[in-house]
Amino acid sequence: MNYVHNMITDGLAFAIPLFIMAVGGIFSEKSGVINLAIEGFQGFGAFCGALLATVLGMYTGMGTQTTLYFALAMAFVGGSLYATLHGLLCIRFNADQVISGVVINILGVSLTTFLTSQLSGVFYGSASNKFTLGVSDRFSVPGLKSVPVLGAVFTNIYPFEIIILVICTYLWYLMYKTRFGMRLRACGDHPQAVDAAGGDVARTRFIAVMISGGLAGIGGMCFAYSLLSQFSPSIYLGYGYLAIAALIFGNWSILPTFFVCVFFGLARAGGYQLCLFMGLSSQYTNLFMTFPYVLTLLLLLFFSKRNRPPRAAGEPYDKGKR
Amino acid sequence: MTDQNYIVEMKHITKRFPGILANDDVTIQVRQGEIYALLGENGAGKSTLMSMLYGLYEPDDGEILIRGRKVRFKSASDAADQNIGMVHQHFKLVENYTVGENIVLGIEPMKKAFGLFPYVDMREANERIRALSKSYFLEVDPTDVIADVGVSTCQRVEILKMLYRDAEILIFDEPTAILTPQEVEYLLRVMRELRRGGKTIILITHKIEEIKRVADRCAILRRGKLIGVLDVAETTTQEMANLMVGRNVDLQSRKTEAYFGEKVLEVDALSVRNDDRVQVVRNVSFDIRAGEIFAIAGVSGNGQTELADAIAGLMRVESGTIRLNGRDITRGNIRERTEAGVGYIPEDRQKYGVFLDFDLCSNLCLRRYYKAPFSKNGILDFDAFGRYADELIDDYDVRSAQGRKTSVRSMSGGNQQKAIVAREIEEHSALIIFVQPTRGLDMGAIENIHKQILAERERGAAILLISLELDEVMELADTIGVIYNGSLLKIAEASALTSQEIGQYMMGVTAN
Amino acid sequence: MKTISNDFGVKIKSALARFLVNEKWTRLTVPLFCIALTALLSSILLLILGKNPLTAFYSFLAGNGFAAKAKYGAGVGMISDFFQFLNIMAPLLLAALAFIFAYRCGLFNIGISGQMLLSGFLATIWVGYAKELSGGIAKPLVLGIGLIAGGIIGTIVGYLKYKFNIHEVVSTIMINYIISYVTGFYINSYYVDQVSRSSKVISTASRLTFTKTMVLGNYCNVPLGILIAIGMAFLVRFILERTVFGFELKAVGSNRNCALYTGINVGRQIVYSMMISGMLAGLAGVTYYLGFTNTIIPKTLPGMGYDAIATALLGNASPIGAILSSVLITIFQNGSSYMSSMVGVAKEIASVITGILLLFSACGQYFRTVASAYLRDLAEARPVRHESGEEGEENELRP
């Protein structure tokens, strides 16, 4: 019983930051800009957040839990600022969007690694490759947590899980109910229609890419405060790519993508718990860690045929083209 | 007459694009409440001129006056602010949105939920659209999704888009090109209705017939220049045609007497499903003999492209058989079919017909590169490529900047099409399929392609022509099949059908 | 009327524009322009950090044996550094070729890391630990395992794409993780060296680099891999440019619909292209794990798999371009430690410079477009009297 409980708790703690990254990807791709750069965005965003957290921790003496919220906000800002680079390349300079994404990732890794080793020297006296952050507190909802099985959902929750779910609910509303969302989705399907109707395709896409960067930044920051307890190059574990896989699997829609992310999380945590349950040595966790990936591949065998990416994704919008 | 009577004035407009002078010192003046036609061949600069009035481009030179006041449009919304609306030739509609969502896109009506969260209020918008559509006889259901409706509905949506924005000046860009005669009739009636309602209409077209029927005045453009402005009632069709083309036009057909030979293509009970498992071709049967042009008429999206793809081998056949010269090719792959004698000029030339990033030379050799002398033992011989390409470029007058080394992307649409036609015809196939062979080409290029089609017919090829333009079908076909919803509703000799009858069948009417 | 200095500016600009759009050399001039911009920007960056950019660039060269270092240890010299440069460049070039082969077919192989790791792992446990094999047998076996292991993974990816429409980016990411965890498990369980926490060192006979070989009085690590890599570059070029197979491959990459229409078996081409890409990645893997190094760090995908993408793109996705760009990128990556010790900047700045270079390269097409637009405007802005009437009405321009 305890294993299932842990699977749900840990699974959600992994799934929810992954989900916000995937939602960012959906925003960008739905507006017509292919986004392979999530990995770079999340790392850069998390770097900015970690930098602020370190500065705050050092000069104001705030505790981990308080700095966490500042760091999350900063990660959003940093991620969206870094995303402007992807926007510039794809929208202004008409670069190949896939190539731009890869380039942004490579630059992100090198830039944050370089800056971390330069700046950590300033803060800690000696250069290292990380900012130590600590792990966020967790809380449980009294009463609900005692419900059998499902109580796990309300146990040991990271506060950022709640924040992310609130943000994503708002983003769902933004995407499907508002004027901005309506134009954004139209930009990914038929940008000429938006232009003819007086909308600004380039601006809409730019904002979408920036939102995407900001959300990825939040996701990265959450991983830094949970799985890693630090910011270091180890943040580039490829979860940004995993988010892309999730959104493709979720057919570029927010709600299905949520379930895909939860599935990822549960499979990942489930594999780990299964290993413990069977009483195998810790070596075997490596084998069980392949669970989500093998399962995803198997599921994709059945679901990929029906995938429909946004029609205009990948095409730079040229005003002159009719 | 004073300037105050003109609602639109475009004075001394000049617009350049890389390598082209699209408009050269053009001046037009349109009166309030008239239907003003812009006549000219494809590429004469009509659409460019109107795109400037609609704010999609800014003129390099000249000025635009609306209701006597000088304006500068930086975007379509600036033009919309002056109550100008445009129905584009290629519909600008978001496919996975509803009719209503497409109409309100850009000026979405907002409401607040709980007095706090603004949202797009489709319910009220749909009500307004229903009211508008009633008052102008433009029937649509605002909750239909665009992907599920036909072209004429799409056009009605485009018109409603303008009316929803209270447009007073309505620009129609080649609105009748892909409509059935009945739908054209309907559209012209809507235009008259709009004029009665006080709207000013600018109609871009190259069809003189339509101008004769609805327009009050007509400006003629040729190669970017204004040739003249005519009073439609006082000018003959022939005069307009001559002015448009710049020389005396031969309106007679050049077709020779038909000599049909053996059956080349036999299609029997053919059915095809698309990727979404929808049956798009249903139980179609027909034959084409040597020396015969068999044309398929129909409204876009009724299965004609899929029929051509199935015969050429690009789509899998669900049931039925295809025989070429008596040989069953139903299950053969594409290469086997080309080798057996199927030539194919596809509908979307940039998507299917050419590799835009390859040079002209490689594109001309696409049917032969894997055979000697173009390659031996899997190694390519570029000298053979070059010789063959130069031959074709010469024979078919394919024009390009750097001969066979030119990247096809940089060539004009007409020359890309010439290259494709050259490549396919040069195989001297028993069957040649032409799908929309003249789409988007100018008059000269169209004439050229038509000549080639007729020459192949004389050679004795069986020709399957699929066209959305009824005029083209009527001009070239020996036999006409009308397709509706995937089925061939009628097959008859071309001389036995009028365009009105064909139009009936195109809309699925079989009662008569 | 223009001022003289203004006129001079126009001349420089138009010369630059002409340099960039030059039909024959544009594939070389645009990357050169990007390199110049990168040099400029990274110099500024170094100056901001208070370092001398010239010293830094010189150290990058010296770190790779292209220039003399201030001092050398006993038995090593410039030529040792140069061989070490070749040693690391070999797998990078092979990996870049792997990327190119898939890319020219319109496929995005970001699973090069995983393919490298798997083939390196299998060659290590099957040949590297077989102490009794002599070099003459072990080395070809290592290469063969690399080819086959990489090829199998590539084939799987291609088949998933062709049969099940699974995007290769997604499947390669999944497979990367799976390979990383599974090889990690086996290394940690059976092959780990308890001291280094990495896999046990392989036999000298199986290693593709001849270590501590005396060349001109210096101890050098002489890599067999570089010969293979350069040979492969020319082979890939031949396949892509001169064969029917390459023609069809590029056709699929250029326009899948049109390739279908031409009668090319698109599915087969996709599978083959991924297979060969995987084989090249496998070669990269064995030259890396059984050449440049002799051990595998568990659960770590080689970063080279991603650097290879950068290298390939910088080289215009052409095999010969890849040789040049892998030289350049290796100079930055391999020379970073020496540069860092000489100038006193964190060695990660080398990656930053590479990143900037890539950023500009991604805009290469844009530079070209801007340059040709500029030249056109310049030509059109010229007064009418220069080219009057002759060319017909279309060229009559209004002043």
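**Exercise 1: a sheet in chain B**

Task: In what order do the 4 strands of the open sheet in chain B run, and which pairing do they show?

Solution. The model is a predicted one. Step one: the order reads S2-S1-S4-S5 in chain B, and the pairing is antiparallel. Step two: find the edges. S2 and strand S5 (69-71) of chain B each have a single partner strand, so one side of each lacks a neighbour in the sheet. Step three: the twist from one strand to the next averages 25°. Step four: look at one pair. Strand S4 (residues 61-66) of chain B joins S5(B) over 3 bridges, in the antiparallel sense. Here Ile64(B) stands opposite Val71(B).

**Exercise 2: two helices in chain C**

Task: Classify the packing of H13(C) and H14(C).

Solution. Step one: the axes of helix H13 (residues 319-343) of chain C and helix H14 (residues 349-362) of chain C come within 8 Å and cross at roughly 155°. Step two: angles over 145 degrees count as roughly antiparallel, so H13(C) and H14(C) are roughly antiparallel to each other. Step three: their crossing is right-handed. Step four: residues in the contact include Phe332(C) and Met339(C) of H13(C) and Ile353(C) of H14(C). By class, this contact has 5 nonpolar, 3 polar and no charged residues.

**Exercise 3: chain B against chain C**

Task: How many residues does the contact take from chain B and from chain C?

Solution. Step one: chain B gives 26 residues and chain C gives 19 residues. Step two: on the side of chain B that touches chain C, 14 are nonpolar, 5 polar and 7 charged.

Key: Residues numbered from 1 in each chain as written. Chains lettered and ligands numbered in written order. Predicted model: local features only at pLDDT ≥ 70, side-chain atom pairs only at ≥ 80, totals over all residues. Contact = placed C-beta atoms within 7 Å. Nonpolar A, V, L, I, M, F, W, Y, C, P; charged D, E, K, R; others polar. Pairing = 2+ DSSP bridges. Axes fitted to C-alpha atoms, helices over the stretch in contact; angles between N-to-C directions. Parallel < 35°, antiparallel > 145°, perpendicular 65-115°, else oblique. Left-handed = near helix turned anticlockwise from the far one by under 90°.
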